[in-house]
Amino acid sequence: MFGYVRTFDSELKIGEFRAYKAIYCGLCKQLGRSFGLFARMTLSYDFTFLAALAMAVAEEEPAFEAQGCMCNPIKKTPCCLENKALCDAADCAMILLWEKLKDDLQDSGFVKKLGVRLLRPFARRPYRLAAARRPELARMAQEYTAAQNALEKAGCADVDQAAEPTAKLLSALLEELSRDEKQRRVLGRTGYLLGRFIYLCDALDDLEDDQKAGGYNPFLLRNAAKGMTAEEIRQDAKGSLYLTVSELGLCCDLLQLQRFAGIINNVLCLGLKGSVDQIMERKKQRERKELGV
Amino acid sequence: MTDPYKVLGVSPNATDEQIKDAYRALARKYHPDNFVDNPLSDLAGEKMQEINEAYDEIMRQRRSAAQGGPQASHSQSGYYQSSQFSDIRRLINSGRVNEAEELIDGIPAAQRNAEWYFLKGSVCYTRGWLDQAVSNFTRANEMDPANQEYKAALNQLLWQRQNGYAQHAGNAQNVMCNSCCDICTAFYCANCVTRCCCGGF
């Protein structure tokens, strides 16, 4: 959705890094197979992780093969071959993309709206195909957007509540990855916390923009009456994100992974925290630049 | 039973010292202190039991003499201090959060004491409402600063807010000092101490 769910590359083993890249390539090709060229351009780390997690908990062993790619036609690289996890992740990506575009159309500025209007026709057919295969998910995603809009319209100042729709959507999405009752409980909480993380991470990322443009942001609203500086609000938001990430670390220990444990652990315990740190660092640098000039 | 060496993630050729290290690392990871109020605490408990059994099994096998060894029974009792809201605590401990929350919210504002805020925080935490959990635990601590249970819950979350990863229970001695108020924890500590320090020999 936003690319916050990623690996912490420097701590990955070479083999894990290759497997992760192969899943990334596999998902890209799957998007092409299922939906065509436009869909391939929406490839993101978030859904690569979803595919990796689905494969990690599945019984079925994923297959890999060295394949060429139009981006790099000379060199063949390992690529994950078509399987259920990739198909599902691709469908999911298209359904959520459609909802995101719908959401952007409502609450963004003129220029962005224009861009979204141009993109929408390309996303419509993939959405219809995916929604036909996953009607339940399409319905949930619609409800999630509606619930999110209602909260934002009401000016919800409670961070937990604001994150709830995304959290619940991902909770349901991850629960579906397993049939084992215990595993489903762990996946459910992992999904809840991951959705919460993604939503709050986006809120942290948009903090300054929302402040300038007067957009909805739960962290701004929570601290509205306290007279805090921008840096203090950022630190407060970072605390909420760190708390969420550390809870994910606990869930991660309880997942029964058949394979890719190194990748899953890397993302949940290090990668997510890395995303938060990266955003914080970027904001600090931007601020320094503004002061310097 | 599954291969005890596999459970601890060690080779059957590993030395006793390596096995002890692996056992210690896993016991820290799944220690009940890390999962207080966590809706998945029972799974962590199962995992802990599996690890304990695997360690016992290996040690039993290695002792070759077929004696039972010091095997304590696993008691799974929760809180034992006096509580005004024992029914609510029971519901939370058995994972019935919705019912617990209904009871909690039904308590009139005048009767909401420190324990009420602590339990409200526990329900929020279980739901994944982490920020509200922090503010409720904070309130509980303000109202009853002497209570170790409330303090431990708040400190754990504040530490996570600060550091971005959960504080593993630390070494056995440490745990011993931190929270003796919980029978379950105390049992595990005793278990760790006997295993780690005396190695079951």
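User: How many salt bridges does the rule find across the interface of chain B and chain A?

Analyst: The model is a predicted one. Across the interface of chain B and chain A, the rule finds six salt bridges. Over all chains, the count comes to 37.

User: Why is the pair Arg196(A) and Asp131(B) called a salt bridge?

Analyst: The rule asks for a side-chain nitrogen of Lys or Arg within 4 Å of a carboxyl oxygen of Asp or Glu. In this pair, the closest N and O atoms are 2.5 Å apart.

User: What makes up the side of chain B that touches chain A?

Analyst: Helices H3 (41-63), H6 (114-127), H7 (130-143) and H8 (148-163) of chain B each supply at least two residues of that side. By type, its residues divide into 13 nonpolar, 10 polar and seven charged. In contact terms, 30 residues of chain B meet 29 residues of chain A. The two chains bury about 2,500 Å² between them, with 54% of this area on carbon and sulfur atoms. There are also 22 residue pairs in polar contact between chain B and chain A, both residues being at pLDDT 80 or more.

User: What makes a space in this structure a cavity, and how many of 30 Å³ or more are there?

Analyst: A space is called a cavity because a 1.4 Å probe fits there but cannot get out.

User: Which residues lie nearest the centre of the largest cavity, and which element gives the most to its lining?

Analyst: Of the 11 lining residues, Asp46(A), Leu50(A), Leu170(A), Leu194(A) and Ile198(A) lie nearest the centre. Helices H3 (45-57), H7 (159-175) and H8 (181-205) of chain A are the elements that give two or more residues to this lining. H3(A) gives the most, with four residues.

User: How do the lining residues of the largest cavity divide by type?

Analyst: They divide into 10 nonpolar, no polar and one charged. Asp46(A) is among the lining residues, and it counts as charged because Asp belongs to the charged group.

Terms used: Residues numbered from 1 in each chain as written. Chains lettered and ligands numbered in written order. Predicted model: local features only at pLDDT ≥ 70, side-chain atom pairs only at ≥ 80, totals over all residues. Heavy atoms only, no water. 1 Å grid on protein atoms, 1.4 Å probe; cavity = no way out; pocket = protein on both sides within 12 Å on 5 of 7 lines; lining within 4 Å. Contact = heavy atoms within 4.5 Å. Buried area = accessible area lost by both parts, 1.4 Å probe. Polar contact = N/O pair within 3.5 Å; in protein donor to acceptor, adjacent residues only side chain to side chain.
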